[in-house]
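Here's a walk through a protein model, written for someone who likes to know what the cut-offs are. Keep the viewer open as you read.

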Amino acid sequence: RPAGDRVLKVRLDGLESGKTYFYRVVTENFNAKNPSIVKSELRSFTTLDSEQDTCSFSVWNDTHKHVDTIKKLGEVTPKSDFLIWNGDVCNDWHKEEDIADTVLNANASGVEMTAQHPLFLVRGNHDIRGAEATKLEEYCAMPNGKPWYAFRQGPVAVICMDTGEDKPDDHPYLFGRVACEPMRQEQAEWLAKVIERPEIKSAPYRVVFCHIPLRWTNETENRSYDSFSGRSRELWHDGLVKWGAQTVISGHMHSTALIEANKDFPYAQMVGGGPKINQATLIHGEANSENLVIQCKTLDGKVVNELKFKPIA
């Protein structure tokens, strides 16, 4: 496998669904005069299983390298089938070493995000900013090599989308360095296909994760940035409605919100809190054959918002 001076990445193939695997990482340096071998502790992970009867998931968002918030999230997050880190894990990528420190070491917080559950990273607008942003995927692998993807765990089908920047591509702030419009269009074309995959199409519960909300409480306010991704919604809305998406879970605004479904938007919108410990939230979902319950809680356990869904027949 290719090995660089900063990144060693190994892909495991042939894993079985719903099985627990134990592993250890052993690395040896290339220094002929002073060779050394480092062995990790024994660890484990459990692969996803679309045939499982239940599903549990947890969601972090907008941690922005706040160590105290990450530590507390690590304490209060229950063991789940998977963890979604729903964007803005950083404050722009200006130095490559910041990437490893953030996504692998959680800013020296002592929290190992993948120790209890598989981790899925959803990019936020800050995660695509900075001179080193293109290297993020070298450190945090994305399914199928794209930062948008779909999977199923038990009765829940998940679609993760990349809303890109919170400003138009031609905004002076972006210096002509982004191309989010064609990226969103590519996702729209992908969405039309992925919702026809049998395991995604037949799921009793259908949840979308994206960093910038697709709906907001006040869509007429004048801001210097987008409070909701209208550009994404325009391209993706019909596909989400056709699929029967029940809710979109987002962050970005550093303020919690819950917007119920209506005839124009048959999917609810839940938004998590901000990076400061008194703003931060944990979103947790539990699904079984009877219902899907999603709660947004403060880090001291107070339920701020809740959604309940019956299975789609």
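What follows goes from the sheets to the cores, then to a helix and a few loop residues.

First, the ground rules. This is a predicted model, so to speak of local features pLDDT has to be at least 70 and side-chain atom pairs count only at pLDDT 80 or more, while totals for chains, interfaces and linings use all residues. Residues are numbered from 1 along each chain as its sequence is written, and side-chain values use heavy atoms, with hydrogens and water left out.

Six strands make an open sheet in the order 7-6-5-14-15-16, with mixed pairing. Strand 7 (119–122) and strand 16 (303–309) sit at the edges with a single partner strand each, so one side of each has no neighbour in the sheet. From one strand to the next, the twist averages 15 degrees. As for terms, helices (H or I, at least four residues) and strands (E, at least two) are DSSP runs numbered from the N terminus, and two strands pair if DSSP finds at least two bridges between them. Axes are lines fitted to C-alpha atoms, for helices over the stretch in contact, and angles run from 0 to 180 degrees between N-to-C directions.

Now look at individual pairings. Strand 5 (residues 55–60) and strand 6 run parallel, joined by four bridges, and V59 stands opposite I84 there. Strand 14 (residues 281–287) and strand 15 (residues 292–298) are antiparallel, with seven bridges; in that pair L282 faces K297.

A nonpolar core is a set of buried Ala, Val, Leu, Ile, Met, Phe, Trp, Tyr and Cys residues joined through side-chain atoms within 4.5 Å. The largest one has 26 residues, of which F57, F82, I84, F151, F209, I249 and I294 touch the most other members. Leaving aside neighbours within four places in sequence, F151 is in contact (heavy atoms within 4.5 Å) with residues including F82, I84, F120 and V158. A second, separate core of 23 residues includes V7, L83, W93 and M142. In soluble globular proteins, nonpolar side chains tend to be buried together.

There's another open sheet of six strands, ordered 8-9-10-11-13-12 and again mixed in its pairing. Strand 8 (149–153) and strand 12 are at its edges, each with a single partner strand, so one side of each lacks a neighbour in the sheet. The twist in this sheet averages 15 degrees from one strand to the next. Strand 12 and strand 13 (residues 268–271) run antiparallel, with three bridges, and L258 stands opposite M270. Helix 4 packs on this sheet and touches strand 8 and strand 9, its direction making about 165 degrees with that of strand 9. Helix 6 packs there too, touching strand 9 and strand 10, at about 160 degrees to the direction of strand 10.

What does helix 6 do at W236? The helix bends by about 50 degrees there, the bend being the angle between axes fitted to the seven residues ending at a residue and the seven starting there. W236 is also one of the buried residues of helix 6, along with others including R233, H237 and L240. Just after the helix, G244 takes a positive phi of about 90 degrees.

Finally, some loop residues. Most residues other than glycine have a negative phi, and most peptide bonds are trans. D88, not a glycine, has a positive phi of about 55 degrees. D88 lies in the loop between strand 6 (82–86) and helix 2 (96–103) and is buried, at 2% relative accessible area. H254 is not a glycine either, and its phi is positive at about 60 degrees. H254 belongs to the loop between strand 11 (247–250) and strand 12 (257–259), and at 29% relative accessibility H254 is partly exposed.

Key. Buried means under 20% relative accessible area, exposed over 50%, partly exposed in between (1.4 Å probe, protein chains only).
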